[in-house]
Structure formats: C-alpha cells, structure tokens
Amino acid sequence: MNFGLFCFNISIANIIELIVVDLKRLQVQARDGPSDPNALAKWRILNRLHDRNETMYYKVLIANIEEYAPVVYTPTVGLVCQNYSGLFRRPRGMYFSAEDRGEMMSMVYNWPAEQVDMIVVTDGSRVLGLGDLGVHGIGIAIGKLDLYVAAAGINPQRVLPVMIDVGTNNGKLLKDPLYLGLQQHRLDGDDYVAVVDEFMEAVFTRWPNVIVQFEDFQSKWAFKLLQRYRNTYRMFNDDVQGTAGVAIAGLLGAVRAQGRPMIDFPKQKIVVAGAGSAGIGVLNAARKTMARMLGNNEIAYESAKSQFWVVDAKGLITEGRENIDPDALPFARNLKEMDRQGLREGASLVEVVKQVKPDVLLGLSAVGGLFSKEVLEALKDSTSTRPAIFAMSNPTKNAECTPEVAFSILGDNIIFASGSPFRDVDLGNGRIGHCNQGNNMYLFPGIGLGTLLSGSRVISDGMLQAAAERLAAYMSDDEVIQGIIFPSISRIRDITQEVAAAVIKEAVEEDLAEGHNGMDARELRKLSQVN
C-alpha cells in the first residue's frame, strides 16, 4: 500500500527526470554524435516507453527535443530501419501490400481513429541514403510522425504511419527468414501505380481532410507520383519538396551571411552533387526562387538555370549525355558553353569546382566523403567572399564531408550545413566553426500544420516557397553574420508555428484556404501572421 502511495506522489516532472537519467546512462558521445550501439539502445528505451505510456513518451520527447530528435529521427532512424526486423516488438501503423489489391477500401475502416490528420507513407524503396529496405522503411514514417506531434502539436491519436509493401529488390532481405515483408521483387510499371492509386483513393475516401506526406520513394517514382496526385489530393513529397525548401532557406541564409540582401540570390553560382529526387527537387525549387526574384516570367525562368552545374555518379551532366534522366534534362549544360569553360560531359566534381569557382557546393549525393580534400582545396578559388558548403546527405555516414574537414581546409570564412547533426568546431582563439543542421524537420511539421489549419485542398508551390522564405528570415542578422543560418532544434515549436503561419497566409492569398474546425476562409483572412 505504501509503495502505491509513493508511486502516486511522484510528479510528472520527476518521472521524466528518471527516464532521462536512464537514457543518459547509455549516452556515449562520439566525434560526430552518439555511437551506433548506444543510439539504438536509447531508441529501444524510448520505443518501450512509447508502447507503455504514449503521453509520457511525448512529454519526454518535447521536453528534450534537441537531444532526442536525433534518436527518433535522423541519424538513428537510419540504423533502426536497417535493423527493423530484429527490433520489431509491436506493430505501429498500417501495412498495405501488393496482395491486398481490391481490399484497401475496406482495410482503412479497420483503423480505429475516426479522424486522421496526418499520414506519412513510404514504400521503403529509398530510405535516406541506405537504399531499398522494404518494409523496414516504416521506421522513418513513425519517426516523422513523432516530430509532427512534438513540433506541431498534432494529436498523436490522429496520425498514421503507412507502409505500402510492393516487395523489395534487396537481395539480403529476400533471403532473410526474419524479414517482415513480402519476399518478392518489387512491382513495377502499371501494377505498381495501381497499388498506390488504390491506397490514395481509400484513405481520402475515409478521411477527406487528411494530409499525406510521401517519404523515401525512389527517384523513379517520387516525381511521377507527386505530379500524379498533387493537384487532386492534399499531399506533398518531403524528399523532393521538404528537402528543397530547407535547402532554399539555407541558400538564402548563405547570401545573407555574405552581407548581401536575399534578392542577390540569382547571382549565386551553385554546383550540385547528386541528381536523385532530392537533388532535382532542390534544383527545381532554387530555379523557381531565382526566377521569381528576376521578374517571374519565362525569360527569368530560362535565365535562372544557367546558375547550376549538376554532377552525378557519371560526372557533369551536359546535353551530350546519352539516355539522360528527363528530370535532369533542364539542367544539362550546353556543350559549346562547357568547351569555353574548359569542361566536358562527365567532368569530375573536382574539375567542375576548379573551373566554375562556385559560391555554393551543395551535396545531395548520399556518398559519404564525396567532398574530398582535393574538392575542398579547389573551392579555395571560389569567387565568393564566403563560400557555402552544404553536405546534406543523411544519415551521418553519408554526409559529403564533416565540418572538421571543411573548416580545417578552408578556414573559418565559410558557411557549413549538413543534413544530420554535427558538433560545432573549435577553431581556437575563441573562434567557432558553426555547423548548421539543414534538417527537413524545420519545415515539414509547419507545412503540415499550416495546410491543416488553412483547409487548403492542395499544397501549392507558393505555400512551400512561403515556408522556405520564412525559415530563411527566421535568424537574426547578428546570428547570420556569425555563420548561423539554421536555428537550434530546441526552438522547433516556435519555428513550426511561424512556418505554419506563413503557409496559412499564402493559402489565403492564393484563395486556396477553406478553413478548419469551424473557422472559414473569411475568418482566416482576418488573422495576422505570427510575429
């Protein structure tokens, strides 16, 4: 009896403190973050807490968001997805498989929630930079929705992680007796599209106001599905559009860090390493941003593409490339122009950096260490007063370079950002090399929340652009001059609120807003943007 009374007398704050103490016992900081075994151990403890007491789980996460976001999300979520069959203890979310064709409409009514606000769906075909992980990719959907709850305040009873299991082409998983998914090669072509079509029709039939975030679909399908659904359903692709928005915010921040107005962005020379869904998404968004600043007409749009040099696994992409990816074609450089620059089709990244002397070196390649010493040495000749290096690939091991390497080679007069968290670099004599984390979590919770509250029937380019520009303007001038272009994760709730407000305002201006929870579009127009 006394023990029971003792338990009831412990405050929530005390319980959170006890849980955090347990987690800290496992925390071993390596040079670039928690070591893998300890990161997984911390994830397991948090996951068990989630199973036992969802309310307490989110209280712990919200109270310690800067510390535990990297555990429930990148970089640890990549490790979780790689080992998901061995970590699996309790199902979370819904699984729609290729064998469920014809049954999905009835399946969605098995989910107990009468209303779902947010769905994150994946087919596991391109999890972070780790390749095809099949149904193990559900881990990324779960982690993203944890951040919707923690950052945007979405009701955890109204979020739904989804796996569309159409098989896997991962040979190891096809032979693994413990693999949880369909052990067959992936569906393709019309059969694949039919499965995703059926899923989308089913969830929007039951929950007409739901927002669906597509996550970690391979490049082959990411753009096609986005174009297929975006004008019909409330959906967006975070790898294409979220990554692009965060990158745009960082690129605009880099211009500010040079002491120039953001309107000078169209003058930036940008070398992009990587032409997958994330790379092409950033290129398209950056081109539209430049065009808008140049007058937002066809001439401006055509002019803007000349600021980009795209390098993939085969080297510089030019019009001389055979079987060029249609999505990359608009950014293929003219051969005659490249001859004048001393470049050719397939030129290496080092050659391109040497000849172009870019303002920005942007990595979305998923190739760890791609920005080698030779590449960074070549960047010393940049025409920029303060060149920017964006090593954006996740998880940590796939980052194109570490901040230590970048600052050691180029000195402290650079801007550095990465997709996964790294520690700032002590440069001596009181100088700090700031490592900015250009993480999608700065945007997707605000995009989702703003869309939900506005009642917009679609998520427009303008709404996404407004989100990116608000993030770019979030930092003070003093912070930006110090090289800090992205805020601390500890401020994520405030950031999300401001991004959501910008999304709502743009939805109203585009006459897309239909209101939410009794607030109609006229009332939304009366609301002022959050200061």
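Predicted model: local features only at pLDDT ≥ 70, side-chain atom pairs only at ≥ 80, totals over all residues.
## The annotated stretch

Let's start with the record. UniProt, in an unreviewed entry, puts the feature "domain: Malic enzyme N-terminal" at residues 50–230. In the model, that span is 47% helix and 11% strand, and its end C-alpha atoms sit 33 Å apart.

## Where α9 meets α23

Two packed helices are described by the angle between their axes and the distance between the axes. Here the pair is α9 (residues 138–152) and α23 (residues 492–509). Their axes come within 8 Å and cross at roughly 90 degrees. Angles of 65 to 115 degrees count as roughly perpendicular, so that is the label for α9 and α23.

Which residues make the contact? On the α9 side they are Val 149, Ala 150, Ala 151 and Ala 152, and they meet Ile 492, Arg 493 and Thr 496 of α23. Sorted by class, the contact has five nonpolar residues, one polar and one charged.

Most residues other than glycine have a negative phi, and most peptide bonds are trans. With that in mind, a few spots in this chain are worth a look.

Thr 74 and Pro 75 are joined by a cis peptide bond, with omega at about 15 degrees. Pro 75 sits in the loop between α5 (65–72) and α6 (76–82).

The other cis case runs from Asn 394 to Pro 395, where omega is near -10 degrees. Pro 395 belongs to the loop that links β12 (388–391) to α19 (403–410).

## Two aspartates with positive phi

Now for phi. Asp 216 has a phi near 55 degrees, a positive value in a residue other than glycine. You'll find Asp 216 in the loop between β6 (211–214) and α12 (219–229). Asp 511 also has a positive phi, near 60 degrees, and again this is a residue other than glycine. Its place is the loop between α23 and α24 (521–526).

Are these aspartates buried or exposed? Asp 216 has a relative accessible area of 0%, and the buried class covers anything under 20%, so Asp 216 counts as buried.

Terms used:
Residues numbered from 1 in each chain as written. Heavy atoms only, no water. UniProt positions renumbered as here; feature names shortened; annotations may be inferred. Helix = DSSP H or I, 4+ residues; strand = E, 2+ residues; numbered from the N terminus. Axes fitted to C-alpha atoms, helices over the stretch in contact; angles between N-to-C directions. Parallel < 35°, antiparallel > 145°, perpendicular 65-115°, else oblique. Contact = heavy atoms within 4.5 Å. Nonpolar A, V, L, I, M, F, W, Y, C, P; charged D, E, K, R; others polar. Buried < 20%, exposed > 50% of the residue type's maximum accessible area, 1.4 Å probe, protein only.
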